[in-house]
Amino acid sequence: MLHHSAASMPMPDTETLRADFPILDQSVNGRRLVYLDNAATTQKPLAVMLTSRHYYEAVNANIHRGTHHLARLATDSFEKARQTVAAFLHAASPDEVIFTSGTTGGINLVSHILALSGRIGQGDEILISTLEHHSNIVPWQMLCERTGAKLRIIPCHEDGTLDQDAFGKLLEGPVKLLALTWISNAFGTVNPVETMVRAAKDAGALVLIDAAQSIAHLPTDVQALGADFIAFSGHKLYAPTGIGVLWGTLPLLESLPPFLGGGEMIKEVTFEKTTYNEPPFKYEAGTPNIEGAIALAAAIEYVEGIGLDAIHEHEMELIRLAADGLSSIPGIRLFGPAGRSGSLSFNIEGVHHYDLGTLIDQMGVAVRTGHHCCQPLMARFGITGTVRASFALYNTRQEVGELIASVDKAAAMLR
Ligand code: PMP
């Protein structure tokens, strides 16, 4: 297993890195696996798997209230993981880091506490964009149903970028919240979050950024960004499923009410009245995913050991190569703008995306087909789905070549 040191070092060659990901070393239908479904979930490096194993072999106990050795060890490891996440996000304090089950869990938590607090109510507006994943649509629709607030949608242009003029006009309404994805999981569009956050804050709105797709590709500095909440999932950052993070500013977390009630989130309980714990514990009722949080910290250390900038540069080269190569296939339509990051979506005229995906899987190439949990975006483009190739630090130029060759071959067979 590799131990990478300074973040400024050039990225180790990809074949060396691939040795950290044993799952990649397998054949599918007699071909070496080409895994290009990283936007759905990334594969896990040995460093993460061994951390989980070590946790259960040497550390496992329930956290926070135990006095015995293992309970203290588990608590220390869990809280150290919180510090690692806080440093990774450039958060002002680890108390701003709430461990969740994932992006969906984090967004739903925010939607509930905003409704409970009365900060969003009848006649208020919640702004989302056409590019959103269902996880950043449905919780807000549910909140609107409960409170009488209205959902407003920032439209997008043909190239999959958001209409900034329309956004500016929408901000003139009674907007209480902007909930926006940083990178589109369907098209790879990188939204200009810095300027959009600033504009929304200037208009007096709260801002939640869905960082599910940006977290493994772009450095995140929550203080520079200036949003109120950021949600992401560990499993898209080389960590296990079932763990994620909601970051929120401390004053806001202190002032908002808790959502789930139970152990850990309390200061004192009597049958008459309960007082609540401080953030982050106020939002972590019940036994959390202890091993997941510790493994997430290991994943962050792994990624930082290589350097997110280097990873991003590598992935951008691959995605440009893929876009260039695929462009020459007759009848192909690529979605999203040229600067797309992480994901590359396309369709071939006269070919169903599902058939194309199935055929290239038979050639060992794993991509995703369908609506990518973005049905409104698909409807905007008059399609039911796309084929999506999505990239990670371990993908190679050779794999891009295999993607292009397999799509070319499959398209010729299906047309
Ligand atoms: N938002 C975006 C942009 C995503 O890509 C995803 C996962 N595909 C989610 C939210 C939901 O993440 P999870 O299923 O891990 O909660």
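This is a predicted model: local features need pLDDT of at least 70, side-chain atom pairs count only at pLDDT 80 or more; totals for chains, interfaces and linings use all residues.
Close-up 1. Residues are numbered from 1 along each chain as its sequence is written, and side-chain values use heavy atoms, with hydrogens and water left out. Strands are DSSP runs of E with at least two residues; helices are runs of H or I with at least four; both are numbered from the N terminus. Two strands pair if DSSP finds at least two bridges between them.

**Close-up 2. β16 meets strand β17 (residues 386-390).** The two strands run antiparallel and are joined by three bridges. T369 has V387 in β17 as its bridge partner. Axes are lines fitted to C-alpha atoms, for helices over the stretch in contact, and angles run from 0 to 180 degrees between N-to-C directions.

**Close-up 3. Helix α11 (residues 308-327) packs along helix α14 (residues 397-414).** Their axes come within 9 Å and cross at roughly 25 degrees. α11 and α14 therefore count as roughly parallel. The cut-offs are under 35 degrees for roughly parallel, over 145 for roughly antiparallel and 65 to 115 for roughly perpendicular, with the rest oblique. E317, L318, L321, A322, G325 and L326 in α11 meet R397, V400, L403, I404 and V407 in α14. Contact means heavy atoms within 4.5 Å. The residues of this contact divide into eight nonpolar, one polar and two charged. Ala, Val, Leu, Ile, Met, Phe, Trp, Tyr, Cys and Pro count as nonpolar; Asp, Glu, Lys and Arg count as charged; the others, Gly among them, are polar.

**Close-up 4. S341 sits in the loop between β13 (332-335) and β14 (343-348).** S341 counts as buried because its relative accessibility is 2%. Buried means under 20% relative accessible area, exposed over 50%, and partly exposed in between (1.4 Å probe, protein chains only). Leaving aside residues up to four places away in sequence, S341 touches I183, G188, V190, H217, H312, M316 and I319.

**Close-up 5. L33 lies in the loop between β2 (31-32) and β3 (34-35).** L33 is buried, as its relative accessible area is 9%. L33 and V365 are 332 residues apart in sequence. In space, their C-alpha atoms are 6.3 Å apart. Beyond four places in sequence, the residues that L33 touches include R18, I23, L24, G364, A366 and E399.

**Close-up 6. Seven strands form an open sheet with mixed pairing.** Their order is β4-β10-β9-β8-β7-β5-β6. The edge strands are β4 (97-100) and β6 (150-154), and each pairs on one side only. Neighbouring strands are turned by 20 degrees against each other on average, direction ignored. Strand β7 (residues 175-181) pairs with strand β8 (residues 206-210) in the parallel sense, over five bridges. L180 stands opposite I209 in β8.

**Close-up 7. Strand β5 (residues 125-129) is mostly covered.** Five of its five residues are buried. E125, L127 and S129 point one way, while I126 and I128 point the other way. In a regular strand the side chains alternate between the two faces of the sheet. β5 runs parallel to β6, and five bridges join them. S129 stands opposite I154 in β6.

**Close-up 8. Helix α3 (residues 69-89) lies across β4, β9 (229-233) and β10 (244-248).** The helix runs at about 115 degrees to β4. T75 belongs to helix α3. T75 counts as buried because its relative accessibility is 14%. Residues up to four places away in sequence aside, T75 touches I63 and H64.
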